[in-house]
Structure formats: structure tokens, C-alpha cells
Amino acid sequence: MSFAVLLGAILGSTAVKAGALVTAILVIIVSGIALLTRRRAERRELEVHKDLVSQYCKLLDAGQPSYEVIDWDKTAVIGERGDTHIKLKVKLRATHDDFWFVRLRLVCGWPQPSRYRRQVRMTVRNLQVDGSPGTTLRTTVSWLRDGAMAAIIHFHTAPALNSVVSFTVDVDWPKMCAPLLEGSPDEFDLMFWQTVRRSTYRVVLPKGIGVYVEPIGKTEDFKGFRWRKKAGDDGREVIVFRLSDPPVRHRAGVRLQMKQAHRAAPLR
């Protein structure tokens with residue numbers, strides 16, 4: 001652009017200056033469009049690669065489980081606008097030498113637009129033997145066709161056979177539970193592809209919100225499922241359910257619906 005203005009100044013014509021400036025602006029616009037197009041193509045290619053990683057890890061999990069779950073402790077804290085913070089603490093035992101990753105599937109109760117998914121933030125951190133936080137772990141995140149998020153957690157090195165590893169997962173998910181606060185039923189459940197000794201799931205509701213609760217999954221044939229309501233220290237209602245030694249690929253949890261309508265922020 002500076003060259004075009006300099007050329008117009010040398011030639012001394014206002015028309016030439018204007019024409020040179022317009023030409024330079026058009027070149028910049030075309031270059032910007034080309035750059036955006038290339039970046040979008042690269043982003044699509046990256047998402048394809050992430051999907052492949054997720055699929056391959058899923059196949060490995062199904063064919064050769066490499067760990068068992070000793071304890072799975074999950075808490076979902078729902079804000080007044082439906083924004084949700086998920087805190088997950090996991091303790092696993094390695095049952096195979098080639099234990100390099102853990103695959104998680106986190107589900108949102110409605111088909112979110114991509115602008116919300118792009119704002120989801122996840123941090124995974126090792127826990128030391130004494131419970132103190134360690135370093136972060138790399139993750140590969142992809143979005144499934146049903147709107148769920150598949151996250152692959154990669155260990156720095158493969159844990160030794162029969163060793164115990166622990167880590168935490170923190171997820172900030174904008175408007176994840178907004179439909180629940182609009183009055184629609186929402187489901188909170190767990191299902192594992194590995195042997196699980198015990199697991200706990202807490203749903204912390206916004207202040208002043210009460211819900212109807214009903215169990216989901218094949219809970220009538222499963223004695224290791226229990227749920228209850230309680231009041232938290234801050235007065236918020238908390239729904240807690242626990243699973244003990246559930247069958248593999250056994251889905252169990254609760255369905256919640258608000259007792260009184262509470263208008264969350266618009267979803268659009």
C-alpha cells in the first residue's frame with residue numbers, strides 16, 4: 001500500500017493515487033480471503049485427524065482394556081445461566097504394559113452450535129502419590145456426530161503394570177445445562193468400558209433451584225446403584241448417585257427436571 005501511495009505521489013495525479021490505493025486494498029482483501037480459506041481447510045483436516053485418533057483409541061479400548069477404574073469422582077456445578085464446571089478426579093490401575101491413554105466421552109444435553117463448543121476449556125493434571133497436583137497432560141479433543149466431546153488423555157510415559165495413576169480433569173463448558181434451566185429434562189449418567197470398583201457423580205444445582213429426579217438405565221436389575229438429594233454447605237441442592245462394580249457398558253444415572261421454570265440466558 002505504501003508503494004502504491006508513493007507511486008501516486010511521484011506521478012502527481014489524484015486519480016492515480018486513488019486508483020493505486022484501491023488496487024492495494026483489493027490485493028490485501030483477496031490475500032486475506034485466501035488466507036482464511038486455507039486456514040479453514042487446515043482446520044477441517046485437523047479435525048479429521050482428531051476423529052481418526054479418537055476412533056482408533058476407541059477400538060483399542062474395546063479390544064484390549066489396559067486399565068481398571070479404582071475410583072471415579074465427578075462433580076458438575078451448574079451456574080444460573082447453564083454454564084457448567086466439571087471437576088473429575090480419577091484413580092486407575094494399569095492392567096497392561098501398553099497403557100498410554102485414557103478416553104473420555106462428555107455429553108451435552110442439547111446440540112450446541114459450534115460457537116459454544118469452541119469456548120469449552122479442558123485442563124488435565126497428574127496427581128502425585130500424596131495428592132498434590134503435578135504437571136498437565138496432553139489431550140486430543142474431537143466432537144462426535146451426536147454433539148458429545150471425545151477427549152483422549154495422553155500419559156507422558158506408560159505406567160508400569162499394576163501401578164496406580166491419578167489425575168484430575170477440569171472442564172468449563174458454556175451453557176452446557178441451559179435446557180435444564182429452561183424446563184426441559186436433562187440426563188446425567190455414567191457408562192464404562194472397563195471394570196469399575198466405585199464411582200460417584202454429583203450435580204450441584206443453582207441456588208434456589210429444585211428438581212424432580214428419576215433413575216435411568218437398567219437400575220432395577222442393578223443393586224449397586226444408589227441416589228439421593230442433599231443440601232450443600234451453601235444451601236444449593238445436590239443430586240448424588242453412586243455405582244459399585246457396575247457391569248461393563250452398563251448405563252446408569254438420573255434424569256432431572258426443574259420444579260419451577262427458571263429462565264436461563266437465550267440459547268441462540
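Guide: β11 and β14, the latter covering residues 252–258, pair in the antiparallel sense over 7 bridges, where strands are DSSP runs (E, at least two residues) numbered from the N terminus and two of them pair if DSSP finds at least two bridges between them. Within this pairing, Ile216 stands opposite Gly253 in β14. The model is a predicted one, in which local features need pLDDT of at least 70 and side-chain atom pairs count only at pLDDT 80 or more, while totals for chains, interfaces and linings use all residues. Residues are numbered from 1 along each chain as its sequence is written, and side-chain values use heavy atoms, with hydrogens and water left out.

The two strands belong to an open sheet of 3 strands in the order β9-β14-β11, with antiparallel pairing. Its edge strands are β9 (186–190) and β11 (211–217), each of which pairs on one side only.

A pocket here is an open set of points on a 1 Å grid over the protein atoms alone, where a 1.4 Å probe fits, with protein on both sides within 12 Å along at least five of seven lines, and lining residues have an atom within 4 Å of a point. Of the 27 lining residues, Arg105, Leu106, Val107, Asp189 and Met191 lie nearest the centre. At least two lining residues each come from α2 (14–63), β1 (67–78), β3 (101–106) and β9, α2 being a helix, that is, a DSSP run of H or I with at least four residues.
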